[in-house]
Amino acid sequence: KEAPKNLLVMFDIPEDKKIERNWFRFQLRKFGYKMIQRSVWVGPSPLPKEFLDYIKTLKLKNCIKTFKLSNPYSF
């Protein structure tokens, strides 16, 4: 939780995948991410490989974009 918040995660998960969207938000919270806007979160990088692999399994990879920040985000 003390790691620098240097990864921005943006997502647009369709309404018909509401369960997956809620699960995704829950996981981001577990990883220490903070919500900036409803679908824009910032937290430590990298996201766990197992998590990213599971995102592919759920067919959500195209709904999610990540951006590495040059400076850590501060709240």
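This is a predicted model: local features need pLDDT of at least 70, side-chain atom pairs count only at pLDDT 80 or more; totals for chains, interfaces and linings use all residues.

Visitor: Why is Arg 21 called buried?

Guide: The relative accessible area of Arg 21 is 11%. Buried means under 20%, so Arg 21 is buried.

Visitor: What makes the contact of Arg 21 with Glu 15 a salt bridge?

Guide: The N to O distance between the two side chains is 3.3 Å. The definition asks for a side-chain nitrogen of Lys or Arg within 4 Å of a carboxyl oxygen of Asp or Glu, and therefore Glu 15 and Arg 21 qualify. Glu 15, for its part, has a relative accessible area of 54%; exposed means over 50%, so Glu 15 counts as exposed.

Visitor: How many salt bridges are counted by this rule?

Guide: The count is 2. Asp 53 forms a salt bridge with Lys 49, with the closest N and O atoms 2.9 Å apart. Both residues belong to helix α2, where they are 4 residues apart, about one turn of the helix.

Visitor: Are Asp 53 and Lys 49 buried, partly exposed or exposed, and how do you know?

Guide: Asp 53 has a relative accessible area of 31%, which falls between the 20% and 50% cut-offs, so Asp 53 is partly exposed. Lys 49 stands at 57%; this value is over 50%, so Lys 49 is exposed.

Visitor: Which elements give two or more residues to the lining of the largest pocket?

Guide: The largest pocket holds about 230 Å³ of space. Helix α2 (49-57) and strand β4 (64-68) are the elements in question, and α2 supplies the largest share, 4 residues. By class, the lining has 7 nonpolar, 2 polar and 3 charged residues. Among the lining residues are Phe 24, Leu 47, Lys 61 and Ile 64.

Visitor: Why is Ile 64 called buried?

Guide: Its relative accessible area is 14%, and the cut-off for buried is under 20%; therefore Ile 64 is buried. Ile 64 is found in strand β4. Its C-alpha lies 7.1 Å from that of Val 9, although Ile 64 and Val 9 are 55 residues apart in sequence.

Definitions and conventions: Residues are numbered from 1 along each chain as its sequence is written. Side-chain values use heavy atoms; hydrogens and water are left out. On a 1 Å grid over the protein atoms alone, a cavity is a set of points where a 1.4 Å probe fits but cannot get out, and a pocket is an open set with protein on both sides within 12 Å along at least five of seven lines; lining residues have an atom within 4 Å of a point. Grid points are joined across faces, edges and corners, and a volume is the space filled by probe spheres set on the points. Ala, Val, Leu, Ile, Met, Phe, Trp, Tyr, Cys and Pro count as nonpolar, Asp, Glu, Lys and Arg as charged, and the others, Gly among them, as polar. Buried means under 20% relative accessible area, exposed over 50%, partly exposed in between (1.4 Å probe, protein chains only).
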